[in-house]
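Let's take a walk through this fold together, one piece at a time. Have the sequence and the 3D view open as you read.

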Amino acid sequence: MPFSSFLHYFKATQPGGFFITGTDTDIGKTFVSCTIAQYLLEKQPGLVISPRKPIASGALRDHNGDLYSEDAVQLHQACKSQESLQTVCPYLLEPAISPARAIQQAKQTITIHDLALASEVPQQTVAFVEGAGGIYSPLASDGLNIDLAKKLGYPIILVVGNRLGCLNHALLSINAIENAGLEIAHIFVNNLSDQSDLENVTDLESLTSHPVSLVPYQA
């Protein structure tokens, strides 16, 4: 099971939360976040996880015409959250572009401070805060994903999409996170197809001292 070593880390450190980021967009951050959450809830009776997707672009409309984030819905369900979807994901933008550009197009101002406030969780719960895109992707009017990660200070879960070029993307992301003074809790290499190159996991393990696990492909 790819999450057993992560469970050991969780039990040993008892962190207040995690910031989940990726090497790119559409590489399975939410899928991995949900799988980790479900695993922790199964293995840690009484644990309460508070999911947060503080901002989401590419939001959809429900039958009433209201915006919602598909990622936030999945996180909400996986974490068995009793909070409202509005609490999980308060800032919703319809254009399927970076949140920062969508904010600009909407002539709004949403700051890293705003997103940090939106990421706050109740006491005695573990925060699962998921960013948007990669660690250097523009996230707010005044900053990137990494700026929110630094503001929150949580250990980082880095999701790597297992495809051509992922080693370069992973090492650049690791370097950025380390240079920001943030802790990397775990790296999950997510197989994006049944043809994903498993040697990428072995190679990445040899290139970094951080724990690396493979997440099998699920059609």
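What follows goes from the sheet to a helix, then to the nonpolar cores and a loop. Keep in mind that this is a predicted model.

Start with the sheet. Six strands make an open sheet, and reading across you pass β2, β7, β1, β10, β11 and β12 in the order β2-β7-β1-β10-β11-β12, with parallel pairing. At the edges you find β2 (49–52) and β12, and each has a single partner strand, so one side of each is left without a neighbour in the sheet. For a look at one pairing, zoom in on β1 and β10, which run parallel and are joined by 4 bridges. There, F19 has I156 of β10 as its bridge partner.

Now bring in helix α8. This helix covers residues 166–179, 14 residues in total, and spans 20 Å from first C-alpha to last, close to the 20 Å expected at 1.5 Å a residue. It lies across β1, β10 and β11, running at about 165° to β10. Which residues of α8 are buried? They are C166, L167, A170, S173, I174, A176 and I177. In an α-helix, residues three or four places apart point the same way, because there are 3.6 residues a turn. Check that against the spacing of L167, A170 and I174 among the buried residues. The buried residues of α8 pack against β1 (17–22), β10 (156–162) and β11 (184–191), as well as the helices α7 (145–152) and α9 (199–207).

Next, the inside. The largest nonpolar core holds 35 residues, and V160, I187 and L204 touch the most other members. Its largest share, 6 residues, comes from α8. Both domain 1 (38–153) and domain 2 (155–218) contribute at least three residues each to this core. Take L204 as a worked example: leaving out residues up to four places away in sequence, L204 touches V160, L167, A170, L171, I174, I187, V189 and V212. There is also a second, separate core, with 24 residues, including L47, I157, A185 and F188.

Finish at the loop between α9 and β12 (212–215), where S209 sits. Is S209 buried or exposed? S209 counts as exposed because its relative accessibility is 72%, and the cut-off for exposed is over 50%. From the C-alpha of S209 to that of G181 is 16 Å, with the two residues 28 apart along the chain.

Terms used: Residues are numbered from 1 along each chain as its sequence is written. This is a predicted model: local features need pLDDT of at least 70, side-chain atom pairs count only at pLDDT 80 or more; totals for chains, interfaces and linings use all residues. Side-chain values use heavy atoms; hydrogens and water are left out. Helices (H or I, at least four residues) and strands (E, at least two) are DSSP runs, numbered from the N terminus. The expected span of a helix is 1.5 Å times one less than its number of residues. Buried means under 20% relative accessible area, exposed over 50%, partly exposed in between (1.4 Å probe, protein chains only). Contact means heavy atoms within 4.5 Å. A nonpolar core is a set of buried Ala, Val, Leu, Ile, Met, Phe, Trp, Tyr and Cys residues joined through side-chain atoms within 4.5 Å. Domain bounds come from an automatic or database domain assignment. Two strands pair if DSSP finds at least two bridges between them. Axes are lines fitted to C-alpha atoms, for helices over the stretch in contact, and angles run from 0 to 180 degrees between N-to-C directions.
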